[in-house]
Amino acid sequence: MWGINKIKFIFISCVITKLITSCDANSDKPQFIFTDPCEMLMPTPDSLKYLPVYDKPLISSPSNPNSPIFFSNEIVEIKWDLPIDLWNSELQIIELDKPYDCFDYQKFHLLNNIPTAGYGNQFVHYYQLSPYNGVITDSVFVAYRIRTTDISYPQKYSLWTDVRTFTIVPLANLKKDVITVSYDFNFTTEETGEYYYSGVLKKDNYKLVDIAIDNNLNLDKIRLIRPIEFTTNFVTKNENNSNPFTRIMLGFNEDFEINKEFYPFEVFADVYPGSYEESPVLGRLYNTNSGNFISEINDYDLKVAYKLETVPEKQHEIIINLTYEVYSDY
């Protein structure tokens, strides 16, 4: 009896070991443990298996839950963290005409572990639909995964992350409004000694809810808002009738990373008014046509940084007119 039970125990142990490690006594394939739920339906072929060396990246954005929604030409920031002392990563991205499911997992296998994006020192990928395909009329469903790698030869890798998804929706499905919001600043100038700006102004407690109320918009239905134009009106000037500032910069987000040593916020627009240029002075926007400012306007006050033409401690007033496109559900 013990002999029969022993044989059964050995047999069951072998089956369990094979299921867990995908190995058997006649196989030299490396241990390859997946976590992606689609592995049960569409397992990775043996020819694509390799020995993972590093930990997988940790994806931080777009945030869960799957699948967050973006709109038309909006840029999507795919951000992740890599293991300590590693800098390189690879991405695989596929675009679908229907919501991603496990049958689409095989499309990643067809890429043969070759990245479609992400090379070298990278922690973020800026995804955007190709403008050459024109304006989309149907939703595009995007699936992606990432793995850690290095610069050695031959290269070593982590396993691929579980597949994450997001959706790009046509703006044509939304109602469009164009509004202009005026921000009035009446202040005494200062000189902080910073190279790129002399002082910073802030429009306190005027957020998206206030803009919606003042422009008869339904806050709960707003899906995208972005600046499309801004002008500056100099209500006051210097004694010689010249404009008091050589540069004016606009921004909302103060929790930013790029150029933080130079600017007090993330700059999305600026203007260099001529000394005697008449108001209103048209400013320049930085790629706002591919952004969505809902979170910025919800979370932060509008800020203005100025560079003085003359001495500080003078009373001045400027009016910033920001024109926004607002897209809402019907």
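Here is a walk through some strands, a disulfide, a surface patch and a few salt bridges in this structure. Keep in mind that you're looking at a predicted model.

Let's start with a sheet. Strands of a sheet pair through backbone hydrogen bonds, and they can do so in a parallel or an antiparallel way. Zoom in on strand E3, residues 76-81, and you'll find four bridges joining E3 to E5. If you want a spot to look at, Glu77 stands opposite Tyr126 in E5.

Now move along to strand E6, which covers residues 140-149. Is E6 mostly covered or mostly open? It's mostly covered: ten of its ten residues are buried. In a regular strand, side chains alternate between the two faces of the sheet. You can follow that idea along E6: Val140, Val142, Tyr144, Ile146 and Thr148 point one way, while Phe141, Ala143, Arg145, Arg147 and Thr149 point the other way. E6 also has pairing partners. Strand E4 (residues 88-96) runs antiparallel to E6 and is joined to it by nine bridges, with Ser89 standing opposite Thr148. Strand E7 (residues 164-169) is antiparallel to E6 too, with five bridges between them, and there Tyr144 stands opposite Arg164.

Next, the disulfide. A disulfide is a covalent bond between the sulfur atoms of two cysteines. The count here comes to one disulfide, formed by Cys38 and Cys102, whose sulfur atoms are 2.1 Å apart. The link is left-handed, with -80° about the S-S bond. It connects distant parts of the chain: Cys38 sits in the loop between helix H1 (2-21) and E1, and Cys102 in the loop between E4 and helix H2 (105-109), 64 residues apart. Cys38 counts as buried because its relative accessible area is 4%, under the 20% cut-off. Cys102, at 23%, is partly exposed.

The loop between H1 and E1 also holds Pro52. Pro52 and Leu159 are 107 residues apart in sequence, but 5.7 Å apart in space, C-alpha to C-alpha.

Ile258 lies in the loop between strand E11 (245-251) and strand E12 (267-271), and is exposed at 62% relative accessible area.

Finally, the charges. Side chains of opposite charge can pair when their charged atoms come close. How many salt bridges are there? The count comes to 14. One of them joins Lys176 and Glu325, with the closest N and O atoms 3.2 Å apart. Lys176 is in strand E8 (residues 175-188) and Glu325 in strand E16 (residues 315-328), so this pair ties together parts that are 149 residues apart in sequence. Lys176 is partly exposed at 47% relative accessibility, whereas Glu325 is buried at 11%. Another salt bridge brings together Asp329 and Arg223, at 2.9 Å from N to O. Asp329 is in the segment after E16 and Arg223 in strand E10 (residues 222-234), 106 residues apart. There's also a network, in which salt bridges that share partners join Lys98, Asp101, Asp104 and Lys107. Within that group, Lys98 and Asp101 meet at 3.5 Å, N to O.

Methods. Residues numbered from 1 in each chain as written. Predicted model: local features only at pLDDT ≥ 70, side-chain atom pairs only at ≥ 80, totals over all residues. Heavy atoms only, no water. Pairing = 2+ DSSP bridges. Helix = DSSP H or I, 4+ residues; strand = E, 2+ residues; numbered from the N terminus. Buried < 20%, exposed > 50% of the residue type's maximum accessible area, 1.4 Å probe, protein only. Disulfide = S-S within 2.5 Å. Salt bridge = Lys/Arg side-chain N within 4 Å of Asp/Glu carboxyl O.
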